[in-house]
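I'd like to walk you through one model, so let me put it up on the screen.

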Amino acid sequence: MSTAPTRFTVAEIANRFGLEVRGDPSLVISGVGTLAAAQPDQISFLANARYRSQLATSTAGAVVVRKGETATGSGSAPTWLVAADPYVAFARIAALFDRGSAPSPGVHPSAIIAATARIADSASIGPFCVIEERAIVEDGAELGAHCHIGPDCRVGAQSRLYPRATLVTRVCLGKRVLVHSGAVLGADGFGLAFDSDHWIKVPQLGGVRIGDDCEIGANTTIDRGALEDTVLEEDVRLDNQIQVAHNVMIGAHTAIAGCAAIAGSTRIGRNCLIGGGAGIIGHLTIADRVTITAMSLVTHSIREAGEYSSGTPIQESRLWRRNAARFKHLDELARNVADNKKGHRND
Amino acid sequence: MSTAPTRFTVAEIANRFGLEVRGDPSLVISGVGTLAAAQPDQISFLANARYRSQLATSTAGAVVVRKGETATGSGSAPTWLVAADPYVAFARIAALFDRGSAPSPGVHPSAIIAATARIADSASIGPFCVIEERAIVEDGAELGAHCHIGPDCRVGAQSRLYPRATLVTRVCLGKRVLVHSGAVLGADGFGLAFDSDHWIKVPQLGGVRIGDDCEIGANTTIDRGALEDTVLEEDVRLDNQIQVAHNVMIGAHTAIAGCAAIAGSTRIGRNCLIGGGAGIIGHLTIADRVTITAMSLVTHSIREAGEYSSGTPIQESRLWRRNAARFKHLDELARNVADNKKGHRND
Amino acid sequence: MSTAPTRFTVAEIANRFGLEVRGDPSLVISGVGTLAAAQPDQISFLANARYRSQLATSTAGAVVVRKGETATGSGSAPTWLVAADPYVAFARIAALFDRGSAPSPGVHPSAIIAATARIADSASIGPFCVIEERAIVEDGAELGAHCHIGPDCRVGAQSRLYPRATLVTRVCLGKRVLVHSGAVLGADGFGLAFDSDHWIKVPQLGGVRIGDDCEIGANTTIDRGALEDTVLEEDVRLDNQIQVAHNVMIGAHTAIAGCAAIAGSTRIGRNCLIGGGAGIIGHLTIADRVTITAMSLVTHSIREAGEYSSGTPIQESRLWRRNAARFKHLDELARNVADNKKGHRND
């Protein structure tokens with residue numbers, strides 16, 4: 001861990017990321033902050049128009065703004081760095097100040113590694129990790145404490161598993177994959193057949209394949225496939241507590257917010273955005289560039305890009321109860337309206 | 001782990017499971033696959049009518065079909081094994097090819113076992129397991145790495161806990177129970193009393209009882225009871241990330257899909273099917289053989305078997321917004337319709 | 001662990017908690033139970049009017065009732081303890097019988113503690129705990145087995161972490177905080193910027209601050225902030241499997257039921273009650289004393305105290321399907337009603 005403070009001039013930052021400076025390029029920046037809270041030695045950003053009013057009053061030393069920003073500053077206005085996409089530029093600048101730990105390579109003496117497992121010399125294996133038969137950990141991969149790598153799993157180069165990540169069986173991670181704490185990849189899919197009076201288990205013989213640059217949130221679960229694999233293409237981003245059932249396929253660059261759930265064998269396209277708590281039932285196909293809003297339930301395939309929703313709006317329970325009661329008779333209501341219309345026409 | 005390939009002739013498979021053969025009984029089968037992907041030395045199955053068109057083109061060597069299947073094969077048609085329930089038959093056949101690990105009995109030297117705990121000689125306890133006071137692990141039970149068995153817990157014979165399963169306090173598992181990674185059984189129920197200006201905790205003095213042949217999914221949570229136990233009868237099947245609150249009772253053979261949540265003291269009948277993401281509020285009674293569709297919310301007891309739903313259908317957000325806005329005034333709309341009707345009658 | 005049975009007379013209990021006795025003050029009580037199941041040496045309570053009919057038939061030796069309770073007992077009626085709030089009184093009485101483990105202070109020899117971490121002498125650190133750089137564990141704190149305390153975290157005095165609780169990075173717990181098994185606090189917030197054709201990660205430089213007397217349920221996740229901290233004020237109570245995204249703020253005494261999810265930067269007031277499975281989208285403000293019913297989705301800020309809901313009622317799927325189909329055309333229906341009304345007026 002570095003303890004020396006990280007410092008850059010505005011000019012250094014601008015050069016590194018190809019940004020235009022309006023103001024004082026010699027200003028020294030030692031951190032990042034929100035418009036509301038950043039200090040004179042910190043840099044902030046304006047990406048969302050509703051925070052524009054904070055631009056004039058911010059005490060940030062510098063602010064990343066969008067090309068074409070027209071706000072007029074006061075006398076104490078901060079220095080601007082002008083970017084085509086201020087949020088992207090800020091993400092890169094903030095990374096300069098992210099003093100992440102860089103564990104040294106090697107296997108902690110408390111870790112337990114099967115004889116048939118292969119661990120790259122440049123990988124870092126934390127305390128109490130367990131790595132089982134035929135598992136592979138590639139160059140530069142980092143496993144935090146208490147990680148479990150089950151049989152026939154592979155952790156790709158430069159991937160990082162946070163403490164207590166679990167790969168159960170036949171899970172293959174690409175390069176630079178992040179898996180957060182408590183995530184469980186490669187548990188049995190939920191496959192059951194009802195045999196006259198009890199359930200029998202359908203063996204789950206497939207695995208899980210995770211593409212390069214994916215991120216898997218804390219306590220998210222991704223089951224392994226029944227016969228073929230559950231697959232995430234590259235750069236899929238999953239938030240916390242998401243459930244991905246067996247044989248799901250998720251296309252590249254799709255991002256899914258917390259607590260969403262995808263049932264078995266559904267295929268989600270590329271560049272989709274799935275809102276928090278949304279559900280998609282099994283055996284469906286979702287096209288590329290589909291957005292599903294929060295807590296919507298998808299019960300049929302979606303063939304066209306676009307935004308889709310279900311549900312009803314929040315309102316005072318007193319009013320909601322009356323409306324909800326009417327919903328139970330909505331079909332009858334619609335028939336009455338049709339009758340009224342007809343009756344009226346016949347007058 | 002067996003590394004020798006598993007092989008059976010069609011005749012051997014048919015004999016073992018009482019299936020009728022149409023085609024070549026001497027064909028050697030060395031694995032299972034989907035109709036779309038199975039190879040000539042593999043066996044597949046047709047259980048869902050919408051995949052019937054794949055029967056003619058499948059390169060599978062053999063296919064399990066339903067009695068009465070009438071599809072006419074081509075010249076290269078695979079051998080059929082005819083079953084009353086092809087999915088059940090396939091589940092059993094697939095189990096022949098499931099080369100699961102069979103850990104040897106014994107306690108890994110890194111495990112920490114309380115002096116008052118009792119571990120059967122035939123049980124297998126993995127690395128870094130912790131087994132606390134008065135816990136019991138019975139014959140043939142398997143605990144993967146990092147499992148935690150808290151005080152006064154019991155793991156029944158032949159049960160299997162995957163790595164990182166946690167039984168907190170007073171959890172009793174029957175025989176042949178499966179608990180997947182990250183599941184937490186026996187944490188405190190969420191019992192609080194508001195004492196004028198702050199919450200006080202209601203002690204959770206009960207336990208959790210899980211019947212024989214139950215399965216508990218990854219990262220699922222089952223809280224222990226406040227005064228009596230939280231109970232799952234035999235052969236209850238829970239998928240991943242399900243929440244079962246304190247004092248819930250779930251009847252035998254009920255299956256619950258991922259991310260469903262059952263609030264405190266609710267009683268669910270036998271042979272129910274609860275869809276993914278469904279919610280059931282507390283203190284309700286749900287009859288036997290009730291199906292709840294995905295993401296429905298149950299707010300009153302259900303006395304009759306049948307299928308129940310709530311929610312609204314997914315549609316383009318542009319259209320959905322208009323309809324959702326109208327929902328907020330549905331009661332008024334219904335009153336207007338009633339008035340119109342009345343007005344019309346009075347003409 | 002105490003193995004001697006805990007016993008109190010009714011008079012002792014009444015004195016301790018300031019309750020009035022009606023009946024036999026010398027009765028010896030050795031446990032607690034429900035009205036339906038309590039034995040003659042146990043005490044029960046009546047807080048919910050719908051259980052009043054059980055009062056006459058209960059075999060409990062004593063029952064805590066509300067001041068003004070008018071039920072007339074039979075000859076064998078139990079002794080009453082009269083309380084202003086029977087549930088609060090019962091919670092306190094039950095705590096007398098909660099024989100919780102009290103681990104002895106000290107660090108288990110299998111735990112791994114960074115040289116720069118500071119552990120109070122009176123703290124108890126369980127087997128296989130890992131405590132990283134600059135972490136602090138204060139007086140009387142208890143860490144169960146397999147807990148992970150990441151860099152720059154602090155566990156406040158008398159806090160208790162159950163087995164397998166995880167504090168990832170920069171998490172500060174107040175005093176007397178409970179964290180249940182599988183909870184993950186301080187993982188990266190889900191911050192992403194889309195850089196023309198792929199996601200880049202927005203560094204999450206903030207932490208998590210949890211106030212005194214909070215409780216965090218099993219497998220709940222609380223992400224750390226992007227620039228500032230994610231904050232729970234004192235006495236916030238979170239059930240299991242709740243997702244709290246980065247930069248959320250939750251006011252004191254708010255209680256949230258299982259599986260609810262709060263998206264990034266939302267501020268929830270004090271003394272709110274959020275139902276199970278409810279969702280609140282990002283960047284909203286929720287006033288004090290707001291109740292959200294189960295599985296409702298909040299999509300705009302709520303400025304007034306009160307109870308709010310969304311969704312539709314559960315009904316038989318056969319009927320629900322018809323109503324749901326009509327919902328897709330509700331706007332059109334409303335227009336027709338308006339037209340009918342107008343047409344009718346013009347008759």
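One definition before anything else: two strands pair if DSSP finds at least two bridges between them. With that in hand, look at chain C, where S26(C) and strand S29, residues 243-244, pair in the parallel sense over two bridges. In S29(C), C:Gln243 is the bridge partner of C:Thr221. And keep in mind throughout that what you're looking at is a predicted model.

Let's stay in chain C and step back to the sheet. Ten strands make an open sheet here, with parallel pairing, in the order S9-S12-S15-S18-S21-S26-S29-S32-S35-S38. At the edges you find strand S9 (112-113) and S38 of chain C, each of which pairs on one side only.

Now walk through a few of the pairings. Strand S18 of chain C, residues 166-167, pairs with S21(C) in the parallel sense over two bridges, and there C:Leu167 stands opposite C:Leu185. Then S21(C) is joined to S26(C) by three bridges, again running parallel. In that pairing C:Ala187 sits opposite C:Asp223 in S26(C).

Over to chain A. Its open sheet has ten strands too, in the order S9-S12-S15-S18-S21-S26-S29-S32-S35-S38, and the pairing is parallel. Strand S9 (112-113) and S38 of chain A are the edge strands with a single partner each, so one side of each has no neighbour in the sheet. Inside that sheet, S26(A) and strand S29 of chain A, residues 243-244, run parallel and are joined by two bridges. A:Thr221 stands opposite A:Gln243 there.

How do the chains relate? Chain C can be laid on chain A with an RMSD of 0.0 Å, using a turn of 120° and a shift of 0.0 Å along the axis. That's the relation of a three-fold axis. Chain A goes onto chain B with an RMSD of 0.0 Å as well, by a turn of 120° and a shift of 0.0 Å along the axis.

Next, the contacts between chains. Where A meets B, the contact takes 62 residues from chain A and 60 residues from chain B. On the chain A side, the elements giving two or more residues include strand S21 (184-187), strand S22 (192-195), strand S23 (198-201), helix H4 (317-327) and helix H5 (330-346). Which of them gives the largest share of that side? That would be H5(A), with six residues. By type, the chain A side splits into 27 nonpolar, 25 polar and ten charged residues.

There's strand pairing between these chains as well: S39(A) and strand S40 of chain B, residues 315-316, pair in the antiparallel sense over two bridges. The bridge partner of A:Tyr308 in S40(B) is B:Glu316.

Now the contact of C with A, which takes 62 residues from chain C and 60 residues from chain A. Among the elements that each supply at least two residues on the chain C side are strand S26 (221-223), strand S38 (297-298), strand S39 (306-309) and helix H5 (330-345). H5(C) gives the largest share of that side, six residues. The chain C side divides into 27 nonpolar, 25 polar and ten charged. Strand S40 of chain A, residues 315-316, is joined to S39(C) by two bridges, and the two run antiparallel. A:Glu316 has C:Tyr308 as its bridge partner in S39(C).

While we're on helix H5 of chain C, C:Arg335 is found in it.

On domains, the assignment for chain A gives domain 1 (8-96), domain 2 (106-308) and domain 3 (318-346). The C-alpha centres of domain 2 and domain 3 of chain A lie 46 Å apart.

Last stop, the core. In soluble globular proteins, nonpolar side chains tend to be buried together. Here the largest nonpolar core has 217 residues, and A:Val137, B:Val137 and C:Val137 touch the most other members. Leaving aside residues up to four places away in sequence, B:Val137 touches B:Ile119, B:Ala120, B:Ala123, B:Ile125, B:Ile131, B:Leu143, B:Ile149 and B:Val155.

That's my tour, and I'm happy to take questions.

Conventions: Residues are numbered from 1 along each chain as its sequence is written. Chains are lettered from A and ligands numbered from 1 in the order in which they are written. This is a predicted model: local features need pLDDT of at least 70, side-chain atom pairs count only at pLDDT 80 or more; totals for chains, interfaces and linings use all residues. Two residues are in contact if their C-beta atoms, placed from the backbone, lie within 7 Å. Helices (H or I, at least four residues) and strands (E, at least two) are DSSP runs, numbered from the N terminus. Ala, Val, Leu, Ile, Met, Phe, Trp, Tyr, Cys and Pro count as nonpolar, Asp, Glu, Lys and Arg as charged, and the others, Gly among them, as polar. Domain bounds come from an automatic or database domain assignment. A nonpolar core is a set of buried Ala, Val, Leu, Ile, Met, Phe, Trp, Tyr and Cys residues joined through C-beta atoms within 7 Å. A residue is buried if 20 or more other C-beta atoms lie within 10 Å of its own, exposed if 12 or fewer, and partly exposed in between; C-beta atoms are placed from the backbone. Copies are superposed by least squares on the C-alpha atoms of residues with pLDDT of at least 70 in both.
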